[in-house]
Amino acid sequence: MAPHDDSTAKVAEETMVAETVSKPISTVVIIIAMQTEALPLVTKFNLVEDPNSVFPKGVPWVRYYGTYKDLNINIIWPGKDPASGVDSVGTVSASLVTYASIQALQPDLIINAGTAGGFKGKGAGIGDVYVASDVAFHDRRIPIPDEVFPALPSDYHLTVQVFDLYGVFAKRAFSTPNLLKELNLKVGKLSTGDSLDMSPIDEKSIIANDATVKDMEGAAVAYVTDLLSVPTIFVKAVTDIVDGDKPTAEEFLQNLIAVTAALDQAVTRVVDFVNGNALFQSNMAPPHGDGNEVAEEVMVTEMEKRAISTIVIVIAMQEEAIPLIKKFNLSQDTNPLFPKGVPWVRYHGVYRDLNINLIWPGKDLNLGVNSVCTVSASLVTYASIQALKPDLIINAGTSGGFKAKGACIGDVYLASDVAFHDRRIPIPVYDAYGVGARRSFSTPNLSKTLNLKVAKLSTGDSLDMSPEDEAFITANGATLKDMEGAAVAYVAYLLSVPAIFIKAVTDIIDGDNTTAEEFRQNLAAVTVALDGAVTQVIGFISGKSMLEL
């Protein structure tokens, strides 16, 4: 699938503009990651916590709402992580609450407000407040060469020259020239990653992004609002100087309260300016472009007597999905369950006594490549659980493996544990939250009967492995490395749906060949092994309850 051309983007932009040009802004959603940042605005706008949450049971997300002047204001805070008790920061949580808020509230405008690091080399100082002109990721590295995958059937050859661009996801923010002029706010580019610190390889990407400010949520919010065509602006206040002399965590904690006051004031002024205006009347120009064991016991108790009926298979790449679609004789959904505009695809059918749903995140609408990585995986997992109420999630796909841990090309594993390796937050308790280590749903009978290998899985948003990633992967005790698993696990955990992870090794990370080269070379053959293993797993599951796994 080729990337969309400029004419396609222009038509989409003009459609969005036509729908909003004459409509006064009525409903505003403000996405804020931390409670400390949110509470002053809750007080300022005299908002109340929603006693009847618009969000699913089990998620920690909190909505504060009320009327301020002519606006319906909704502040959405992702809440406290149920396992660690800290604010649910980072791209996965931000993308999920943004998606859920748009579906529930249908806002005219989203404001992502929060604190950020700033670069003194770009003129940033502590307490400065910026409106982001552009957003991008700096920790999603996918260095696949500009080639076509060899040895794949001709009906789904994939040109991958733009995977690197997909990882960065550089986007212009919704333009607000009159707002900026009236409020005299600074403007700078925003770069997003899942770590509070900055590794050398992150720094290179941030420099390439030409960023003045650095946060942990912005580009993820932008990704979702781009999919769902909701105008979004980003208001960021600087708590720490990334290229300064003090440790980031120390400076962040030292300045958080004072800088939150500056953020509060700026967001209030933005909301005042928005009040009574349509998007164009404001000259807002269109866009350019561990308690896991307890949780498991609760899940088992609820379903122990019930035979497994509905399965969702989340799979990131079309190349991995097509053999399974053919094997289970699945058909593409003609009446999509998912919102208009998203590229997500559902294939469904009945295999033996099971309702099988294979969910593929589809092709990125701008660049035409598979929508890989944690944000897409978390979103389709959430949307699939909400729409299909599955008894079991299977995340199937390819991965890298470590020969030092016994992995070989073509080996297929069940993951016993999952964790992130690229979410570095060196603040007590937040560090554990960032890693997000979880046990996967235990399947002793399945692994014994099918004689599948069992190992730990570590997840990050890059195909390569930086020294910082390697240190965390080692600490995670991982044999396998992928780009989606821990994100699927996080959502399944929040919504209390058992999940298992089947991973087939395409490349040896600690071997002699480059990861991208080996991945490309082995993808077709290893996908056959993955297909065989998933088919065996489905065959074993048929007719059984969760306790029998």
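## Notes on a predicted model

1. Across the protein chain, the average pLDDT is 89, and 88% of the residues score at least 70.

2. A bit of housekeeping. This is a predicted model, in which local features need pLDDT of at least 70 and side-chain atom pairs count only at pLDDT 80 or more, while totals for chains, interfaces and linings use all residues. Residues are numbered from 1 along each chain as its sequence is written, and side-chain values use heavy atoms, with hydrogens and water left out.

3. Now look at helix H3 (residues 91–105) and helix H7 (residues 218–228): their axes come within 8 Å and cross at roughly 30 degrees. Helices (H or I, at least four residues) and strands (E, at least two) are DSSP runs, numbered from the N terminus. Axes are lines fitted to C-alpha atoms, for helices over the stretch in contact, and angles run from 0 to 180 degrees between N-to-C directions. H3 and H7 are therefore roughly parallel to each other; angles under 35 degrees get that label, over 145 is roughly antiparallel, 65 to 115 is roughly perpendicular, and the rest are oblique.

4. Which residues make the contact between H3 and H7? From H3 come Thr91, Ala94, Ser95, Thr98, Tyr99, Ile102 and Gln103, and from H7 come Ala220, Val221, Val224, Thr225 and Leu228. By class, that gives seven nonpolar, five polar and no charged residues. The sorting goes like this: Ala, Val, Leu, Ile, Met, Phe, Trp, Tyr, Cys and Pro count as nonpolar, Asp, Glu, Lys and Arg as charged, and the others, Gly among them, as polar.

5. H3 has another partner, helix H15 (residues 485–494); the two axes come within 11 Å and cross at roughly 50 degrees. That makes H3 oblique to H15. The contact uses Val92, Ser93 and Leu96 of H3 together with Ala487, Tyr490 and Val491 of H15. Sorted by class, there are five nonpolar residues, one polar and no charged ones.

6. Helix H2 (residues 35–44) and helix H8 (residues 248–274) also meet: their axes come within 9 Å, crossing at roughly 45 degrees. H2 and H8 are therefore oblique to each other. On the H2 side you'll find Thr36, Glu37, Pro40, Leu41 and Lys44; H8 brings Leu256, Ile257, Thr260, Leu263, Asp264, Val267 and Thr268. This contact has six nonpolar, three polar and three charged residues.

7. How many of the ten residues of helix H10 (residues 318–327) are buried? Eight are, so H10 is largely enclosed by the rest of the structure. Buried means under 20% relative accessible area, exposed means over 50%, and partly exposed is in between (1.4 Å probe, protein chains only). The buried residues of H10 are Gln318, Glu319, Glu320, Ala321, Ile322, Pro323, Leu324 and Ile325. They pack against strand S13 (345–351), S14, strand S15 (392–401) and helix H16 (515–541). Just after H10, asparagine 329 takes a positive phi of about 55 degrees.

8. Two more backbone spots deserve a look. Most residues other than glycine have a negative phi. Phenylalanine 169, although not a glycine, has a positive phi of about 50 degrees. Phenylalanine 169 sits in the loop between helix H4 (163–168) and strand S7 (171–172), and is buried at 5% relative accessible area. Cysteine 373 is not a glycine either, yet has a positive phi of about 90 degrees. Find cysteine 373 in the loop between strand S14 (354–360) and helix H11 (374–388); this residue is buried, with a relative accessible area of 0%.

9. Last stop: proline 82, in the loop between strand S4 (71–77) and H3. At 42% relative accessibility, proline 82 counts as partly exposed. Proline 60 is 22 residues away from proline 82 in sequence, and their C-alpha atoms are 7.0 Å apart in space. Setting aside neighbours within four places in sequence, proline 82 is in contact with Pro60, Tyr493 and Leu494.

Note on methods: Contact means heavy atoms within 4.5 Å. pLDDT is the predictor's confidence in each residue, from 0 to 100.
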